[in-house]
Amino acid sequence: MHPNAKSSITEHVLRSALKTEVLGRDHIEIHERIDSTNERAKELALAGAREGTLVLAESQTAGRGRLGRIWHSPPGLNIYLSLVLRPELPPARISLLTLAAGVAGASAIGRIIGQTPSVKWPNDLLLQNRKIAGILAEMNMKNTKVLFVILGVGINVNLSAHDLPPELAAQAGSLFIATGRTWDRVEVLAAFLYEMEKYYKFLTQNRHEELLNQYRQICQTLNSQVRFVQQSNLVEGTAIDVNQSGELIVKRAIDGEIVHVNAGDVSLLSIAPKHLADDC
Ligand code: BTN
């Protein structure tokens, strides 16, 4: 058994730690091993699962990341969760859910460990310049209506540097790697769900600007030089804002034009080196 792996998360312990009204309050499933919690949550949602349904796993064999990547999901160390959400929001606002999850993750982690992660747009949480959490929202629509969104979140809690495959060794981190001690996964999970519910309400109650203001405060991409690939072209510029659809607004270096960058169709290649040293 891995020295950092503590007891498995149980429904009983989780329910007693929860302070939410909806998230994780109806159906909870906890799997020892599953392909992807997002996939399972989608099955449940298609079968009618209610808002707040929560799927957790101790490990994933095909954890999905953004842009078709794999999410490294070793057993017993981290949090792999998916929530079924049924927001009354137009499709153009759905990207804000991932920003809400970023703000929620940063504030939950900050409250527990005393160091607040920054966000690399759109939703990578970074501590000491290492990615410690990722968010993958998958939307299901009928005609122009959003039927449900699966919000998948992976938080590296007690993963150590030895657990990382060589290709992730330079950029991935965890709460353990950042602080040198292990953390209670249930405490982190309950704090995340509590904060997520709070920021989710900002969205459903039309308080987008408040959410965006919180996001802007922790987003290290803003005011940085960015390079990204959009429709096969390499674009460089300065990130100046994030708008009400969650798009990054960039002033293009070559001609000063303002371009809107959508999380779904770009890879952000780098941010300004001066920001790489901070955890803002
Ligand atoms: C990213 O690429 O940053 C997004 C990673 C999202 C990973 C989580 S782990 C739980 C949920 N299930 C999945 O298959 N993916 C998400």
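Predicted model: local features only at pLDDT ≥ 70, side-chain atom pairs only at ≥ 80, totals over all residues.

Residues are numbered from 1 along each chain as its sequence is written, and side-chain values use heavy atoms, with hydrogens and water left out.

Back to Asn 243. The residue sits in the loop between strand 9 and strand 10 (248-252). Helices (H or I, at least four residues) and strands (E, at least two) are DSSP runs, numbered from the N terminus. Is Asn 243 buried or exposed? Asn 243 counts as buried because its relative accessibility is 18%; the cut-offs are under 20% relative accessible area for buried, over 50% for exposed, and partly exposed in between, with a 1.4 Å probe and protein chains only. Leaving aside residues up to four places away in sequence, Asn 243 touches Leu 96, Leu 212, Ile 249 and His 260, where contact means heavy atoms within 4.5 Å.

Next, the ligand. It is surrounded by 20 residues, and the closest are Ser 36, Thr 37, Arg 64, Arg 66 and Lys 131; a residue is near a molecule if one of its heavy atoms lies within 4 Å of it. By class, this shell has six nonpolar, ten polar and four charged residues. For that count, Ala, Val, Leu, Ile, Met, Phe, Trp, Tyr, Cys and Pro are nonpolar, Asp, Glu, Lys and Arg are charged, and the others, Gly among them, are polar.

Which atoms of Thr 37 and Gln 60 lie at the ligand? For Thr 37, a polar side-chain atom lies 2.9 Å from a nitrogen atom of the ligand. For Gln 60, a polar side-chain atom lies 3.0 Å from a nitrogen atom of the ligand. With Arg 66 it is a backbone N or O atom, 2.7 Å from an oxygen atom of the ligand. On its own the ligand has 410 Å² of accessible area, and the protein covers 98% of that; the areas come from the Shrake-Rupley method with a 1.4 Å probe, and for residues only the protein chains shown count as cover.

Helix 2 (37-46), strand 3 (79-85), strand 6 (130-142) and strand 7 (145-155) are the elements that give two or more residues to the shell. Strand 6 provides the largest share, four residues.

Gln 60 is in the loop between strand 2 (54-57) and strand 3, and it counts as buried because its relative accessibility is 12%. A polar atom of the Gln 60 side chain lies 2.9 Å from the backbone nitrogen of Thr 37. The Gln 60 side chain also makes a polar contact with the side chain of Ser 73, at 3.0 Å.

Now the packing. A nonpolar core is a set of buried Ala, Val, Leu, Ile, Met, Phe, Trp, Tyr and Cys residues joined through side-chain atoms within 4.5 Å. The largest one has 69 residues, and those with the most contacts inside it are Leu 14, Leu 81, Leu 83, Leu 175, Phe 192 and Met 196. A second, separate core of eight residues includes Ala 41, Ala 45, Ala 49 and Val 55. Beyond four places in sequence, the residues that Leu 81 touches include Thr 37, Val 55, Leu 151 and Phe 192.

Last, some backbone geometry. The peptide bond from Trp 121 to Pro 122 is cis, with omega near 5°, and Pro 122 lies in the loop between strand 4 (118-120) and strand 5 (124-127).

Where is phi positive in a residue other than glycine? One such place is Asn 129, with phi near 65°, in the loop between strand 5 and strand 6. Asn 129 counts as partly exposed, at 32% relative accessibility. Another is Gln 231, with phi near 45°, in the loop between strand 8 (225-230) and strand 9 (233-242). Gln 231 is exposed, with a relative accessible area of 70%.

That's what I have.

Methods. Polar contact = N/O pair within 3.5 Å; in protein donor to acceptor, adjacent residues only side chain to side chain.
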